[in-house]
Amino acid sequence: MQNSPVQTIACLLICCPDRPGIVAGVSVFFFQLGANILDASQHSTDPREGLFFMRMEIQLDIADRAGLEQSFQEKVATPLAMEWQIHYSDQRKKMAIMVSSYDHCLMELLWRWRNDELAVDIPVVISNHTKLEKECTSLDIPFHYLPVDTSNKAAQEQAAIDLLEQHNVDFTVLARYMQILSPRFVGRYPQRIINIHHSFLPAFAGARPYLNAYTRGVKLIGATAHYVTNELDEGPIIEQDVARVSHKHAVDDLVMLGRDIERQVLTRAVKAHIENRVIVHGNKTIVF
């Protein structure tokens, strides 16, 4: 028995060598399926790098998605040497959150999720502290306490991996999770772990970056959201922002402003990932 066609919105992401006819080839393929292109954005690095990037949203009725993807590979992607992926609007992503004791990023994500601003499911929150358990369980989100020290770090990382696999998590957000993930953990989820940190790194690394920034008399503070790689805080950047400060700002002012920026930057990065607006190429991102 064949499946009946189901109307959905597909999001197609493409990276390939730049040449004439790419947009035409993709458009004709979907036109012949009776699909409607709702949105299309593109970027070319030609002549510097000679690469073409595109994000396209297509409304279509399709029963055999595997057949669609195979046909696209044969008719369009292979001839144009494309790297591509396609996502469907009825396949809701599952987002895990890992957090320590700072609550501002977690609470921002939970608030926006509760108000339907983040179209994801949150099947699990993992923490090495118990401080934020009530905030999660009050929303019926399972909270798992995995304390970490030098003697159990590997075992607790494996326990976290087991939870992510058990819940079929699509990506993980480090909402100020104050532990460094091992290369084994990171390598298991390439471009699927998003981190947030203050933009003082590496100049103001350590436990009290805002005090160090105040001591140095900084004029800008900010935050960076990026995909996690084995190079600490060097992964592809998704989103950044800054705020101007002056000698009139005390350390507490910097902390308050910094945490506000961290919340906003992380939310924008997570939203871009959920909406399939990010293409990673090397250590850079194209964010449509």
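Which residues does Val-186 touch, not counting residues up to four places away in sequence? Keep that question while you set up the view.

**Before you start**

This is a predicted model: local features need pLDDT of at least 70, side-chain atom pairs count only at pLDDT 80 or more, and totals for chains, interfaces and linings use all residues. Residues are numbered from 1 along each chain as its sequence is written, and side-chain values use heavy atoms, with hydrogens and water left out.

**Stop 1: the whole chain**

Show the protein chain as a cartoon. Its secondary structure comes to 8 helices and 13 strands. Helices (H or I, at least four residues) and strands (E, at least two) are DSSP runs, numbered from the N terminus. The C-alpha atoms fill a box of roughly 60 × 45 × 35 Å, taken along the principal axes. Of the 288 residues, 43% count as buried. Buried means under 20% relative accessible area, exposed over 50%, partly exposed in between (1.4 Å probe, protein chains only).

**Stop 2: Val-186**

Select Val-186, in helix α6 (residues 183–188). Val-186 is buried, with a relative accessible area of 5%. Now the opening question: Val-186 touches Leu-181, Ile-193, Val-228, Thr-229 and Asn-230, leaving out residues up to four places away in sequence. Contact means heavy atoms within 4.5 Å.

**Stop 3: Thr-224**

Move to strand β10 (residues 220–227) and pick Thr-224. Thr-224 is buried too, at a relative accessible area of 5%. Show side chains: Thr-224 makes a polar contact with the side chain of Gln-240 through its own side chain (2.9 Å). A polar contact is a pair of N or O atoms within 3.5 Å; within protein, one must be able to donate a hydrogen and the other to accept it, and residues adjacent in sequence count only if both atoms are side-chain atoms. Beyond its neighbours within four places in sequence, Thr-224 is in contact with residues including Asn-195, His-197, Ile-237 and Val-265.

**Stop 4: residues 11–91**

Colour residues 11–91, where UniProt places the feature "domain: ACT" (unreviewed entry). UniProt positions are in the numbering used here, feature names are shortened, and annotations may be inferred rather than shown by experiment. This stretch is 30% helix and 42% strand. Its end C-alpha atoms are 11 Å apart.

**Stop 5: α1 against α2**

Select helix α1 (residues 22–32) and helix α2 (residues 65–77), which pack at an angle of about 140 degrees with their axes 11 Å apart. The contact is made by Gly-25, Val-26, Phe-29 and Phe-30 of α1 and Leu-68, Ser-71, Phe-72, Lys-75 and Val-76 of α2. Axes are lines fitted to C-alpha atoms, for helices over the stretch in contact, and angles run from 0 to 180 degrees between N-to-C directions.
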